[in-house]
Amino acid sequence: MIKIAPSILAADFGRLGEQVTRAQEAGADLIHIDVMDGRFVPNITIGPAVVEAVAKVAAIPLDVHLMIVEPERYLRRFADSGADSISVHIEACTHLHRVLGQIHEVGCRAGVALNPHTPATALREVLDDADIINVMTVNPGFGGQRFISGMTIKLRTLREMVAGRDIEIEVDGGINAETLPIAMAAGATIAIAGTCIFQHEKGIAAGIAELRRAASMATADEES
C-alpha cells in the first residue's frame, strides 16, 4: 500500500502541533515538511525551529524537503532538529553525489527532488546513493496547484530505473483522490498531499481516509 505523507505547507500554522497530531492519529505514515528560501523557489516558508517543534509532537518520521540554494550548508541543522530524511534538489546541487553522502553522514535518509523540467535520466549516476526520489508534479513553491499529468512518464521511467534497488519514489504536487491512482499506477510509493488533507471540508482524518480509499480501489482494480 502506498504511504501517505501529509504536507504541513497546507496546515494551519496557528494550530500546527494539533494538526500534526491529528494527521498521525488518522494514519499518516510520515510528515512532509517543505523548506523554501525565496531564492530557489518564489516563496519563503520555515526553518529548523519549526522542524524541531514538529518533532516534539510527531511519532512518525519527518520527511524534510529543502527547496533552497546551497542546501549542504544546513544539513546538520535540519538533522539535529529532527529530520529523518532530507531531500535536496538536483537543480540546486553542483556536487549532488557529495551532498547525498553528507546527508547520510548526518544520520538521515538521502533524497533527491526533480523539478518538472528535469529528466529522470539525470539521476542515473547517483541512484546507488539515494534512498528517496521526489518527483515534483507541480512547479515547486506553492501549495494547491494542479497535477501535471505529463509527469507520469517520468514516474514510469524512474520505476524502471530503480528496479532492484531499495529506493522509494515520492510524488509531490496536486495529489488528491483523483490523481493518486494515476501516480500509483505510474510507480509512486509515497504520496505527498497537503490541501486535500489539511484543508478537507470534513477534517484531516476524512482527507486521509479519502486518499486511503482511492489507493485501495486502485490496488484492487490492478489486481483484478
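What covers the buried residues of helix H4 includes helix H3 (75–81), strand S4 (85–89) and strand S5 (109–114). Keep in mind that you're looking at a predicted model.

**Exercise 1.** Work out which residues of H4 are buried, and why they sit on the same side of the helix.

*Solution.* Step one: find H4, which spans residues 96–105, and pick out its buried residues, Leu 96, Val 99, Leu 100 and Ile 103. Step two: look at their directions. They cover an arc of only 100 degrees around the axis, so they end up on the same side of H4. Step three: recall the general rule. An α-helix has 3.6 residues a turn, so residues three or four places apart point the same way. Step four: check the other side of H4, where Arg 98 and Glu 105 are exposed.

**Exercise 2.** Decide whether His 200 is buried or exposed, and find what its side chain reaches.

*Solution.* Start by locating His 200: it's in the loop between helix H7 (195–198) and helix H8 (204–223). Next, compare its 17% relative accessibility with the cut-off for buried, under 20%. So His 200 counts as buried. Finally, follow the side chain of His 200 to the backbone nitrogen of Lys 202, at 3.0 Å.

**Exercise 3.** Find the polar partner of the His 89 side chain.

*Solution.* First, go to strand S4, where His 89 has its place. Then check its relative accessible area: at 0%, His 89 is buried.

Terms used. Residues numbered from 1 in each chain as written. Predicted model: local features only at pLDDT ≥ 70, side-chain atom pairs only at ≥ 80, totals over all residues. Heavy atoms only, no water. Buried < 20%, exposed > 50% of the residue type's maximum accessible area, 1.4 Å probe, protein only. Helix = DSSP H or I, 4+ residues; strand = E, 2+ residues; numbered from the N terminus. Arc of directions from axis to C-beta. Contact = heavy atoms within 4.5 Å. Polar contact = N/O pair within 3.5 Å; in protein donor to acceptor, adjacent residues only side chain to side chain.
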